[in-house]
Amino acid sequence: MYKIVTKRCLNDSVTLMEIEAPHIARKAKAGQFIIFRVDEKGERIPLTIADYDREKGTVTIIFQIVGASTKLLNTLEEGDSILDFVGPLGVATHIDPNAKRVCVIGGGVGNAIAYPQAKALHNAGIQVDMIAGFRSKDIVILEDEMGAVSDHLYIMTDDGSYGEKGLVTNKLQQLIDAGNKYDEVIAIGPIIMMKFVAATTKPYGIKTLVSLNPIMVDGTGMCGGCRVKVGGQTKFACVDGPDFDGHEVDFDELMKRNTFYRERETTDKEHVCRLTGGKRNA
Ligand SMILES: Cc1cc2nc3c(=O)[nH]c(=O)nc-3n(C[C@H](O)[C@H](O)[C@H](O)COP(=O)(O)OP(=O)(O)OC[C@H]3O[C@@H](n4cnc5c(N)ncnc54)[C@H](O)[C@@H]3O)c2cc1C
Ligand code: FES
């Protein structure tokens, strides 16, 4: 069992939890994720490792409450425990030792995933400009944390209620037009946002990394649930990723696959999973 040592609401729909998991904290790196199961009836749910403390033996997760499993997780309090907490999974983000300046872009709860990447780059002595996009002021998260690990932090809101009004891609274009030179752009957020960040950087040949979030089941490369097309080849995001070259990803196919189960997820019908051969909640 994995004990919740800290629980903090970042906004009405996003929660931070610090979980006691010393064996994961010992090995965790930016870009990796865990898969949790609240109890024996729970689904396996992937969440990025937002932070870790090797001395305390804890791993921090930040999650948006979107459906049954994240709702259930959010009912737990400090001192309660989670049944399974497996990781670290996936390939850690590659930090290019020759990079001098990187622009990290987060969208919504994607900022929780972008933050550890910005922190890792900052700790490696790389200059970090961060563009953090949110729909409105009330859902801004991690502003102090992101500010502490970036040389410039630009907060963008769709409605202009905080920071600058506009999309993250507007700010990125503005920074490129102003002559800022980036060795790499890292984008993490809604698929549509990552698609347009990649389209913005492509004409300039700026290397662009995106962190993909397909449906995952086992997280070990066995079930094929998380397959994505990258450079015309099939990759499994759980073992080959989740970071991929944004100029090579087939975002349209990923969007189609991610909406495939939506109807089922929004109904109460019991689902028999074709991937695992058992009940969804088995
Ligand atoms: C590698 C990876 C890292 C992620 N990191 C984070 C994170 O740090 N914070 C965060 O808030 N979210 C993260 N997600 C998304 C998170 O896994 C989903 O929000 C969660 O699974 C929703 O489950 P639910 O039962 O609450 O909602 P549901 O109602 O079951 O699903 C809501 C939506 O979540 C997605 N989803 C559902 N089940 C899965 C699954 N097994 N695998 C992947 N996506 C699923 C689908 O898009 C679905 O439409 C990550 C996803 C991946 C693949
Ligand atoms: S989640 Fe099963 S292959 Fe990736």
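A: We may begin with a salt bridge, that is, a side-chain nitrogen of Lys or Arg within 4 Å of a carboxyl oxygen of Asp or Glu. Here Arg37 forms a salt bridge with Asp84, and their closest N and O atoms are 2.7 Å apart. Arg37 lies in strand E3 (residues 33-37) and Asp84 in strand E8 (residues 84-89), so the pair ties together parts that are 47 residues apart in sequence. Helices (H or I, at least four residues) and strands (E, at least two) are DSSP runs, numbered from the N terminus. This is a predicted model, in which local features need pLDDT of at least 70 and side-chain atom pairs count only at pLDDT 80 or more, while totals for chains, interfaces and linings use all residues. Residues are numbered from 1 along each chain as its sequence is written, chains are lettered from A and ligands numbered from 1 in the order in which they are written, and side-chain values use heavy atoms, with hydrogens and water left out.

Q: Is Arg37 buried or exposed?

A: The term buried means under 20% relative accessible area, exposed means over 50%, and partly exposed lies in between (1.4 Å probe, protein chains only). Arg37 counts as buried because its relative accessibility is 14%. Asp84, at 24%, counts as partly exposed.

Q: How many salt bridges does a search of the whole structure find?

A: The search finds ten salt bridges. One of them joins the side chains of Lys56 and Glu18 (2.8 Å, N to O). Lys56 is in the loop between strand E5 (51-53) and strand E6 (58-64), and Glu18 is in strand E2, so this pair ties together parts 38 residues apart in sequence. Lys56 is exposed, with a relative accessible area of 52%, whereas Glu18 is buried at 11%.

Q: With which side chain does Glu18 make a polar contact of 2.7 Å?

A: A polar contact is a pair of N or O atoms within 3.5 Å; within protein, one must be able to donate a hydrogen and the other to accept it, and residues adjacent in sequence count only if both atoms are side-chain atoms. The partner at 2.7 Å is the side chain of Thr6. Glu18 also makes a polar contact with the side chain of Lys56 (2.8 Å).

Q: Which residue meets Lys229 in a salt bridge?

A: The partner is Glu253, at 3.7 Å from N to O. Glu253 belongs to helix H8 (residues 251-259) and Lys229 to strand E15 (residues 227-230), so the pair ties together parts that are 24 residues apart in sequence. Glu253 is partly exposed at 26%, and Lys229 is partly exposed at 32%.
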